[in-house]
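Thanks for making the time this morning. I would like to walk you through one structure, so please have the sequence and the coordinates open while I talk.

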Amino acid sequence: MDALISLVPIVALFVLMLWVRMSGWGSALVALCITCVLGIWFSPLAFNNTVAVSSVETVGWSLAEGIVKAIYPILPIILMAIFSYNILVASGAVNVIKRQFTGFSDDKGILVLMVVWGFGGLLEGMAGFGTAVAIPASILIGLGYKPIFSALVSLLGNTMSTAFGAVGVPILTLCTEASPGGAPTSEIIREICTFSVIQLSPLYIIIPILILFLSDHNRIGRNFILGTFVGLVSLVTTFLCALYLGPETPGIISSIASIGAIIFYVKVTGENGSNVDTPSFAESLKAWSAYIITLLLILLTGPLIPSAEVWLKNHAVTIITIPCIESTFNLRWLGNSAVWLFVGSVSAGLIQGLGMMSILRQVCITIYNLRFTALTIVALIAMSSVMSHTGMINSLASGMVNISGRMYPFFAPLVGAIGTFVTGSFTSSNILFGHLQYQVATMSGLGDLDGHFLGMHGNGANWLVAANTTGATGGKLISPQSIAIATAACDMKDADDIIMRKAIPFAIGYILLGGLTVFIPLCLH
């Protein structure tokens with residue numbers, strides 16, 4: 001009964017968006033209201049407490065937590081990602097980028113793959129939190145592609161890179177949640193990283209091929225050859241980085257390798273662009289300055305330079321403690337991607353000839369245009385917070401465990417997908433279900449495969465823990481929060497339901513394949 005009740009808000013969100021065709025922000029607000037009512041009167045917490053006010057307080061403070069989560073760091077990063085693109089438009093630099101891409105190749109499949117898989121993957125590896133959906137989608141719009149197509153391929157391209165996004169934060173979070181005492185060893189971290197890549201390996205090949213077919217379905221042979229080549233380069237690079245270096249670098253290095261692979265293919269095949277009006281090196285440097293400066297700042301202040309990261313984590317920090325649910329936030333005013341996006345964008349605006357008043361005007365325009373997107377994201381994150389603290393998400397997952405029995409490994413990715421769908425965050429899904437996956441794996445006897453499973457030197461239960469990553473990447477494709485970011489970047493108001501309808505078939509195939517890659521090795525072992 002608890003699981004069925006906990007499912008109501010998610011079903012309501014689907015129904016309102018897909019069948020009632022209510023706007024994204026309207027659907028999210030209604031679903032949030034339903035979640036709050038269920039959290040107060042019908043949730044597992046309400047059933048298990050004799051004093052009704054306890055559930056009221058929990059719901060109230062959970063709402064507060066959700067608002068804080070949205071305000072920091074998610075909304076600022078989304079706003080600054082769109083702001084960086086608006087600076088390009090205002091300064092005219094977007095035309096230089098367009099000339100550069102069309103000069104690189106006339107083939108639209110190659111262009112789209114470079115933008116959403118190569119450059120988008122690099123953005124995800126460095127910054128995460130929606131930048132790798134918003135910025136590539138905006139660039140494709142600037143290159144003349146249709147908004148719905150731009151949004152869909154940007155969402156598809158982002159699914160794989162998000163596993164190691166934001167310099168490995170999602171995987172590090174999963175390892176912490178799934179480790180006894182919350183202190184994973186470096187061996188456990190590398191093993192979970194490697195298992196995640198193994199489970200996602202078929203999709204590393206399928207997704208680039210799919211992006212090429214969506215871009216140009218006529219060039220069948222080319223699509224398979226190029227997609228397979230780029231996918232293999234990404235897969236091998238990601239696997240080696242995960243195995244030997246851990247979670248911080250796979251997203252970054254594999255994206256750079258895939259960009260190199262696409263350039264190599266173009267040079268070998270001669271599919272260069274015919275546009276003779278290609279920008280000079282100085283023009284290109286100026287046009288890309290926002291992203292170059294941002295990426296350099298993230299590199300210099302992240303785990304790649306530990307001393308800088310430690311300093312930023314301990315300076316200019318505001319600690320917020322939320323009562324009742326015992327939640328604490330460390331608001332880092334310097335050490336977050338939104339700050340570096342803002343600095344990079346403002347610097348680029350000045351470099352590209354804009355004055356400070358013009359730059360401030362773009363800030364105001366960006367905030368105004370994203371007001372409904374911001375409302376959608378706040379409502380969805382607050383909804384996930386309420387579901388988490390009232391026990392609804394755990395009840396939903398536990399119900400799936402009880403129903404599936406020994407088939408649970410096949411459904412383990414679905415649990416991760418549900419977490420990402422509800423929260424919109426890969427990291428949040430790992431927080432919600434990482435420990436649950438480890439507990440189920442231990443009870444199922446997977447812990448007894450110690451030192452023998454797939455030749456790795458850790459606990460076999462980590463294979464099921466990694467399944468949360470496999471599913472979460474698929475759930476990211478249809479997360480209302482991700483779709484809201486994509487529609488905002490493409491300036492498609494109230495088109496969330498259209499994008500979701502087009503994305504659902506891909507997400508279903510994605511999660512089913514993930515379930516097979518998790519389940520089959522366990523059957524063969």
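Predicted model: local features only at pLDDT ≥ 70, side-chain atom pairs only at ≥ 80, totals over all residues.

Let me begin with the rings. A pair of aromatic rings is described by the distance of the centres and the angle of the planes. In this model the count of aromatic pairs comes to 8, and I will take two of them in turn. For tryptophan 25 and phenylalanine 372, the ring centres are 5.4 Å apart and the planes stand at 20°, and since stacking is assigned to planes under 30 degrees apart, the pair is stacked. What this pair links is distant parts of the chain, because tryptophan 25 belongs to helix H2, residues 24–41, while phenylalanine 372 belongs to helix H18, residues 371–389, and the two are 347 residues apart.

Phenylalanine 213 is partly exposed at a relative accessible area of 22%, and phenylalanine 224 counts as partly exposed at 44%.

Still on the subject of rings, there is a charge to mention: the charged end of arginine 371 sits over the ring of tyrosine 368, at 3.9 Å from the ring centre.

Now to the empty space inside the model. Rolling a probe the size of a water molecule over the atoms shows where empty space is left. The structure holds 3 cavities of 30 Å³ or more, and I would like to look at the second largest cavity, which has about 120 Å³ of space. Which residues lie nearest the centre of the second largest cavity? They are Met160, Ser161, Tyr204, Ser254 and Ser255, out of a lining of 13 residues. At least two lining residues each come from helix H6 (108–126), helix H8 (147–161), H11 and helix H12 (250–269), and the most come from H12, which gives 4 residues to the lining of the second largest cavity. If we sort that lining by class, we find 4 nonpolar residues, 9 polar residues and no charged residues.

A disulfide is a covalent bond between the sulfur atoms of two cysteines. The count of disulfides in this model is 0. Cysteine 33 is partly exposed, with a relative accessible area of 48%, whereas cysteine 241 is buried at 7%.

Finally, I would like to go through some residues together with partners elsewhere in the sequence, with all distances taken from C-alpha to C-alpha. Alanine 3, in helix H1 (residues 2–18), is partly exposed with a relative accessible area of 21%, and this alanine 3 is 7.2 Å from methionine 392 in space although the two are 389 residues apart in sequence. Isoleucine 381 is found in helix H18, the helix that also holds phenylalanine 372, and at 3% relative accessibility isoleucine 381 counts as buried; its C-alpha atom is separated by 9.5 Å from that of alanine 28, which is 353 residues apart along the chain.

Alanine 397 lies in helix H19, residues 392–404, and is buried with a relative accessible area of 1%, while alanine 397 and glycine 416 are 19 residues apart in sequence and 9.5 Å apart in space. Valine 518, in helix H24 (residues 496–524), is buried with a relative accessible area of 0%, and between valine 518 and tryptophan 463 there are 7.6 Å in space, with the two 55 residues apart in sequence.

Technical notes:
Residues numbered from 1 in each chain as written. Heavy atoms only, no water. Phe/Tyr/Trp six-rings, centres within 6.5 Å; stacked < 30°, edge-to-face > 60°. Buried < 20%, exposed > 50% of the residue type's maximum accessible area, 1.4 Å probe, protein only. Lys NZ or Arg CZ within 6 Å of the ring centre and 35° of its normal. 1 Å grid on protein atoms, 1.4 Å probe; cavity = no way out; pocket = protein on both sides within 12 Å on 5 of 7 lines; lining within 4 Å. Points joined across faces, edges and corners; volume = space filled by probe spheres on them. Nonpolar A, V, L, I, M, F, W, Y, C, P; charged D, E, K, R; others polar. Disulfide = S-S within 2.5 Å.
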